[in-house]
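Please keep the sequence and the coordinates at hand while reading.

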Amino acid sequence: MLLQLNNIFKWVNSGGQRIFLLKDINLNVEEGEFISIMGPSGSGKSTLLNVIGMLDGFEEGEYHFLDESVHSLKEKHRANLYKEYIGFVFQSYHLLDDLTVKENLEMPLLYKKFKGSERKAMVADMLDRFNIVGKKDLFPAQLSGGQQQLVGIARALISNPKLILADEPTGNLNSKQGEEIMELFKQLNEEGVTIIQVTHSEKNAEYGSRIINLLDGRMI
Amino acid sequence: MKTQLFKSVLRNLLKKKFLSSVKILGLIAGYGVFIFLAEKIQYETSYDQFWNESESVYRVALDVSCENGEEVVSAKNFHGSTELLDEELAEVDTHCNLSKDVVTVFNGPQQKIQNVDFIWSDPTFFEVFDREIIDAKTTSLLENIHGVAISQSFAKKLYGAENPIGKELTVNEGWKFVVDAVFEDIPENSHLKVDVVCAYKTLFYYMKNFDNTAQVLVDNPNYQYVKADPYTQKRWRAPVQYRPYCYIKLDKGFTIGSVSNKVGPLLKKVALPQNLKDATVDFIFQPIADIHLKSKLDHELSANGELTQVFFLGIIILVVLLVCLINFINLNTISTIENAKNYSIRILNGSRYGQVFQLLFIESLLFNLIAIGVSLVLAYRLIITQIPSGGISSFTLLILVLIGALVTLVACIVPFISVVRNKAFSIVRSGSQKLQQKWTSQKIMVTMQFSITIILIICTIGIYKQMQFVNNSELGFSGNQTLFSFTPMSMNQHPDLANKLTTFKNEVSALGGIVSFSTSSSIPGRPINRLTNQVKAIDAENPYAASFEQVSIDDAYMETYSIPLIAGGNLSYQNDWNSNDILVNRTALSHMGFANENEAVGKSISISNNNYEIRGVVEDYHHVSLHTTVKPTIYSQNLRWDHSVGFYSFRLSSNNIAGTTAQIQSIWNQLYPKEEFIFSFSNTEFEAQYLQDQRFNQILSYSTILALLISCLGLLGVALFNTKKRVKEIGVRKVNGAKIQQILFALNRDFIKWVAIAYVIACPMAWFVLDNWLESFAYKTTIGIWIYLLSGLVALIIAMLTVSWQSFKAAIANPVESLRTE
Ligand SMILES: Nc1ncnc2c1ncn2[C@@H]1O[C@H](COP(=O)(O)OP(=O)(O)O)[C@@H](O)[C@H]1O
Ligand SMILES: [Mg+2]
């Protein structure tokens, strides 16, 4: 068992009213799964992903990640946990504009106490694996959307996370580029990485082993 | 269209309350400082320009170079000087000499005014220094031997609403005068402060015919005033304390050049005394409007201003304005960048660039108008409390408007060019409000701002340190618990002077609270007006090269001011307060050719052909401020006072000062019933010498704080924008594992770099400024390296606090917020 969500509720108070963003979410994810989350816009998909990624808290319920009870962890521990085990991929890539491809890949390692030589090796490895060695000195603006997302995924993977969380990773890409990313995910999944992705496309969802449907913050 | 523009601008301002108020505050501070200091500078430079034809009035100063190389340049001159010029030269329209006297004016038994601005002068006084005659009994002013002219405000002080003409007033020892004329006040911005004018011939007449015992004037109906002859030695002989200040007024169409060329030949016609014949005598013609700021001669009439300080004030104006201007442009650029999306949408929808410029212009103009309005009000309130007869001149207003216009324009042109017309300004290409702004201009501007601020901080600390040094320096005497008063004026020339003084001393010394009592011609903090270069070894041909300062003291002076004796003995008590014993200070030793203090003791010397014996040698002490060095000084035992007034000094024991002063007062009242006992603390008197330094320091400190504040506001604005711009980056870094302190460091690193560069630029400049300022002190503190380090640290800490406030907010923010895709 990689993670387990039990009766998760998340709400915000607005004008004296409680607005539920997530309602009674129960979810078990085993290592090696590839899960697709679907649902209309505003149904809480991103919110759920952020909760799983520990970037966002929740008001009620239990969250177990590996052996830890995330709901009772302090902020700092939670941060350490996601730093170690989770990689994030975003719809709009979120690469840093003023860093080159190589530097973008190296960035997460700077925060994880790797030596310079180790970092170089890991970055080189990743560039190699994704076939972007030739682009290592380019800036994000000089890449196509698909290539940018490739870098985004490489960055998420660089410190060997157990889990990849991808929020509409193909949302800004054309279908051919999207397909390539999905193939990549499939391949990564086969190599043992657990993946949870949000997607609007039935076709992309099919890459996953399981589909979760959300409506108004509730799993259906 | 116009109203829509205007509305858009207003909405924008209100939406960005913080940025807008920072911009406004910065401008207000800058304009406020400008208005205040501009007025201050104008006041300082306006001295003596109000006189009618002030450009043709000159003071004739005296420059005497002796054969031994000694040169004395004195603001005072011989009576004969201007009389000779007037007599001989067609260029000279008229002249007048004047001598300041220290007097107390009495109006009946009740009322008296001490330390009146009283001068003796020629009847031509009002021809040289034109004043409107408000009221007069006669048309020939200052011709009546019993008459005086008084100023309007003095008349009011003395007689209230009553008509002053024909009223009687009494001066010092009982000389009675009649008010003949009332003249318009001389404004504050004159080196000349005059409330009462009396003719020289009156002085001579009263000196001759006043019976000091009976204290009445015995009129001499046969008296004939003989006009002095400038060619005789008599008019060229007076020692410096009896010399007047001499002024000439040129006739229309003449320049001073033709006058000064003729001085040498003219002096040949005069029967000069031997000491002047042996020396090179020259006159220096000082335009009266230059006296206040440019004249630094010996024996000035009143404490003049400092040209360098005016210069520094000008620099402060520039610096503060520059800081404010940079701040405003910088923040304006930032808000333009923030608005870039709106502007580009306007342009996409067919607006012309000119219209965007108009938008920027209106905004800039609005800010400047508000700031000018508010700063005028604030500065005016400050000016009326700080500058005599102050207001805001039309000149200041004009410059202010020009500066305002310049700021308005620059502050909209810079962002227009760097943002709106920038190639990177294209939302079409990137599809979102993404602006790859080159960040350099902001960096440079903030760096400049901080450079200036650091310079100001260093200078303020340096000047503060010098003032501390000045205040804490061992002065060599102690003025603690020491009071002083003027000697009673009614006793001048009085035969009972010595007797009464002895009685006074005995009674006062018997009081429990009195440690010692002394009388002297000067006290620490007061200039020594008596200088002599007629000191020589008893058997020598020629006098010593140096000029010696001379103070008349009694046997208790050194004890009263705790000045230690380093050799020989003190003066001993004399019944008639007079002896041929003298003391000299340490500095005098080498000028008299003594190898050490012991060698001097018991030696006789001659001063102006009278012989004196050196009883003892005292340690050097600072008689006047640390602006000047300790001069060789001779202390002689007699009751000769520089302007018919000396000082009583009382050292009190620590307990019950109020009780003791009351006791002194009652003794005084018995002995000198005509005069009130008015006293001050000697320490206060000494410190008063630094008033101008302190005021300057104050202005500098306030300007520094303002500049620092504005710089910080500017920095805050930049930090605000910087973090806003980097919000996404911070989010990305955080989800990739960056800790809060790592984010903080990354955000602050840039700013630290800027401050560091600013610091490197600032240090040498600050050193230069400080070094120059310290030049005006003969005794200087050392400006250690720590001042520079401290200033850098202060700037860095303040900058970091300012920036961190923003950085911290950004660093702790939840990345989910910043990374949400809209
Ligand atoms: N912090 C928040 N405060 C208020 N409303 C929120 C907050 N976060 C998300 N929402 C709202 O919750 C709903 C779900 O958002 P989200 O999870 O982003 O939807 P999805 O990703 O499925 O489109 C949306 O209506 C969104 O506006
Ligand atoms: Mg979403």
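In this predicted model, T482(B) has R651(B) of β24(B) as its bridge partner, a pairing that belongs to the antiparallel contact between strand β14 (residues 482-486) of chain B and strand β24 (residues 647-652) of chain B, which are joined by five bridges.

**The four-stranded sheet of chain B**

- The strands β14(B) and β24(B) belong to an open sheet of four strands, in which the order is β15-β24-β14-β25 (chain B) and the pairing is antiparallel.
- Its edges are formed by β15 (514-520) and β25 (680-681) of chain B, each of which pairs on one side only.

- Strand β3 (residues 92-107) of chain B is mostly covered, with 13 of its 16 residues buried.

**Helices of chain B**

- Helix α3 (residues 79-88) of chain B is mostly covered, since seven of its ten residues are buried; these are H79(B), G80(B), S81(B), T82(B), E83(B), L84(B) and L85(B).
- Helix α25 (residues 740-774) of chain B packs with helix α26 (residues 785-812) of chain B at an angle of about 155°, and their axes are 9 Å apart.
- Because angles over 145 degrees count as roughly antiparallel, α25(B) and α26(B) are placed in that class.
- The crossing in which α25(B) passes α26(B) is right-handed, and the residues of their contact comprise 22 nonpolar, four polar and no charged ones.

**The annotated domain of chain A**

- The UniProt annotation "domain: ABC transporter", which comes from an unreviewed entry, covers residues 3-220 of chain A.
- Over residues 3-220 of chain A, the chain is 35% helix and 28% strand, and the end C-alpha atoms are 20 Å apart.

**Positive phi angles in chain A**

- As background, most residues other than glycine have a negative phi.
- L66(A), although not a glycine, has a positive phi of about 50°, and this residue is found in the loop between β4 (60-65) and β5 (68-69) of chain A.
- The relative accessibility of L66(A) is 26%, so L66(A) counts as partly exposed.
- E168(A), also not a glycine, has a positive phi of about 45° and lies in the loop between β7 (163-167) and α6 (175-190) of chain A.
- E168(A) counts as buried because its relative accessibility is 15%, given that buried means under 20%.

Methods: Residues numbered from 1 in each chain as written. Chains lettered and ligands numbered in written order. Predicted model: local features only at pLDDT ≥ 70, side-chain atom pairs only at ≥ 80, totals over all residues. Heavy atoms only, no water. Axes fitted to C-alpha atoms, helices over the stretch in contact; angles between N-to-C directions. Helix = DSSP H or I, 4+ residues; strand = E, 2+ residues; numbered from the N terminus. Parallel < 35°, antiparallel > 145°, perpendicular 65-115°, else oblique. Left-handed = near helix turned anticlockwise from the far one by under 90°. Nonpolar A, V, L, I, M, F, W, Y, C, P; charged D, E, K, R; others polar. Buried < 20%, exposed > 50% of the residue type's maximum accessible area, 1.4 Å probe, protein only. UniProt positions renumbered as here; feature names shortened; annotations may be inferred. Pairing = 2+ DSSP bridges.
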